[in-house]
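Here are my notes on this model, point by point. Please read them with the structure open.

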Amino acid sequence: MINMKRILLIVLLCCGLADLTFAQQTDYKDLVTSTTGVLVGGVTDAHAKPIVAASVYVLYAKDSAYITHGITDGNGNFVISGIPFGKSILRIEYLGYGTVITQPFVLSQTNPVYKIQKIKMTQEATVLDGVEIVAQVEMLESNLDKTVFNVESSITTEGATAVEVLEEIPSVDVDLDGNVTLRGSENVTILVDGRPTNLTLDQIPANLIQSIEVITNPSARLEPDGEAGILNVVLKKRRAAGFNGMVSARGSMELFRNKPRIGNYSGNINFNYSYGKINIFLNYDIRGHRHFNGGTTDRTSWFGEDTTRLFQSNYGFHGGYNHNLRTGIDWSINDRNTLSFTFSYNNNKNRGFSELSVKDDSVRLGSEFPYEQYFQSSGDLGKRNNYSGSINYKKTFATKGMELTSDIYYTHNDRIQTDSTFQDYDFPINHLDITQRTSTIDKHTNASAQVDFVTPVGKKGRVETGYKVSYRSVGEDYRFYEGDDSTAVVIDPSRSNHFVFNEWINAVYFIYSTSFWDKLKVQAGLRGEIANTKSDLLSTGEVHKRNYYNLFPTVHVRYDITKEHSLQVSYSRRVTRPSIWQLNPFLNVADRQNYRCGNADLQPEFVNSVELGYLMAIKKSSISATLYYRQRTNIISRYTEILQDTLDGEEHTYTLTTYRNLKNSQNFGIELVYGQQLWKFWRISLSGSFYRLIVNSEEHIDDYLARDWTWRVRLNQTFTLPKDWQLQLNFRYRAPSITTGSMGWGSGGVGQGKQSGNYSLDFAVKKSFLNKALVVSLNIRNLVNSYKNHIETYSYGVNNGYYATSLRERGRLNISLSISYKINNYKKREERNAGDNDYPEESGE
């Protein structure tokens, strides 16, 4: 087993030895001619984050006539050659940011290369010739390599959680159980600040999120987990001079079955203090929630000539509260060395109650005869604690573009859950009532250490390389207790389970990128991984060990046709590794009609993904179009079959939902995103996707459940009105789709089947007061919606089979009121300090 002390030593040694790396100096004079020179620079946003694909125009200083232009690369840098000697200026434009015009600079035969300081773009008001122009950050930014959803630009997500935020992102869907799908696939990796997390999405408040990045074909630097790609939740971390902050509060009401339900609230405090080389931030959030649900299941099954019909109806709610604390410190040791520490803590307590009515009949000669009928009431209590910490070191060098970073991360989560169930039997009359209790203790740990190094190579090349070791441990101790009217409630060892899963992954990667003719950019990468896993069912002594050795190549090619039009082709190989719920072979029979278990023999799923993207950005318009193709092998999928055995001396029919590796599948489609500033006060974002899914399986799955054409569409509209009013309308629709080939969340979900389409309309209004320091927002989610989800699933064998329809129901309407107050002008102060551009006097080299 790898010693963690050795890992830390390796990281620290790499940091110390970095100073010995040989520097390389790019010689831009090779681009100089007898009459023209070269301009070198970079563009960042207010957070010093590089802006990719910003347009940089070179103009004559005397009359602003056009000379030439360039586009910033993946690091926000630009090199523009062919600029005639003389005095020129720059005009920098990027969708959603204010236009920046620089002071004049001079190129000459004696000074043919001019290096300009970093140009910072801001959404703060920019004054040009006495006219104030206000630019706002786009809610949705479409780049060729990823889509970025800026949470602060969305009114409808204020005071919500990451679940509601994801519902607003194109190609992303979230169902009633919290299952997240990307382009129709649930095999998606969710990261927080680029790292795995033990938190669930409903435990991450939206007001702590800066943006969410959708990366469908990541580079070799990122982990290859997730067949559909990566959803990276980027948390806020302010840096503004002095002290500033913001406090906010929210309350909401939910309508379920035409009755108002109150119990959702939240409060949030954000503080930031920056002085000199030190920046400290603190975020705290408290959140209470109470959600209701209901549904029915109607299933007909047959074995030979025996037919049974099961009808279930359920109703319940789940509530609780969360405490979230996140703090950190950034220390700029000097101009080239930065050290950062972050720590977060989450405490969650929950409770729930549900009612279930069960009626199981035997069907003979077209008539139904009672076989089993009972009413079940259940309650649950749980608590969870999660701790996370990270240390990050960054070093830059005298050579432009050379950078070393190292990162150590640790997170631990423990959960205790108790459930109590009472079954009151109406039939058979002499059947004893049953009492059940379960106790679950979960412990999850993730740790990682990594080193990354970037250096320029030659005139236009760049090399990225790194090493990462990660460790994951998941343990679940499940104990089942049962009794009836005649016996006490005691533990049942045969239905109890203790399962532990451990995984070590060592990975190295190498990426080389270069450009040709300033228009064609090529990046090729390779990631190698060695994974060692161990699954241990301690309750039975069953142990499974696996070792995986895999290579994951990536290729990205981008061609800038003009300054407004770009094309990109990308390829990546990715993997989906089985989770603890999918591997745990324990048979859970808590629901007598629906059994569940994992499969210890599951193999990892692999995917080859190819994309062709087109991006156009012209002043007030933007269009992004992506054609994609995915080929999956060893598909990890839920699978439900009908079984029959003897229970209490009677034939008992039930379903067993488990996981299997299906043979392969093909998935291809198109995704479109269109943004348009119709008028100064009205901006729209229209997105849609259309795709085909074909599943090839050796199982007996009907073509109706293995072939799918489906589509989805979203329309977001934002209205900026006078006197600091802002309105937003969001509509989304998802067409019917199959569930075959999907994995579900945790141990839940159905097997092969098809679910109905759904739609919803959200409305929000925001008003600012006191020079925008005080903001009040009214948010109405699901103003119009299909709050019921229908699922159809079946399996036809030679002598047996089943057909089932399920209905899931949620709250129809959610109305919330939010209020926030900025201390020391929290956001505007940050932007003003970050946006001050100091342009140098004329200089060359």
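1. Terms and basis. Buried means under 20% relative accessible area, exposed means over 50%, and partly exposed lies in between (1.4 Å probe, protein chains only). This is a predicted model, in which local features need pLDDT of at least 70 and side-chain atom pairs count only at pLDDT 80 or more, while totals for chains, interfaces and linings use all residues. Residues are numbered from 1 along each chain as its sequence is written, and side-chain values use heavy atoms, with hydrogens and water left out.

2. Overall make-up. The protein has four helices and 46 strands; these are DSSP runs (helices H or I, at least four residues; strands E, at least two), numbered from the N terminus. Of its 845 residues, 52% count as buried. Take contacts (heavy atoms within 4.5 Å) with a separation of 6 or more: 69% of them are between residues 24 or more positions apart.

3. A nonpolar core is a set of buried Ala, Val, Leu, Ile, Met, Phe, Trp, Tyr and Cys residues joined through side-chain atoms within 4.5 Å. The largest has 23 residues, and Leu166, Val180 and Leu231 are among those with the most contacts inside it. Elements giving two or more residues include helix H2 (162–166) and strand E17 (209–215). H2 gives the most, with four residues. Beyond its neighbours within four places in sequence, Val180 touches residues including Leu166, Val172 and Leu231. A second, separate core has 21 residues, including Phe78 and Val100.

4. Strands pair if DSSP finds at least two bridges between them. E19 (residues 242–256) and E20 (residues 259–275) pair antiparallel over 15 bridges. Met253 has Ile262 in E20 as its bridge partner. Two residues separate these strands in a hairpin, and Arg257 in the turn has a positive phi of about 50°. E20 also runs antiparallel to E21 (residues 278–303), with 11 bridges. Here Phe271 stands opposite Leu282. This hairpin also has two residues between its strands, with Gly276 in the turn at a positive phi of about 60°.

5. Backbone points to check. Most residues other than glycine have a negative phi, and most peptide bonds are trans. The Phe427 to Pro428 bond is cis, with omega near -5°. Pro428 lies in the loop between E25 (403–427) and E26 (434–457).

6. Which residue in the loop between E42 and E43 deserves a look? Asn771 sits there. Asn771 is not a glycine, yet has a positive phi of about 60°. Asn771 is exposed, at 69% relative accessible area.
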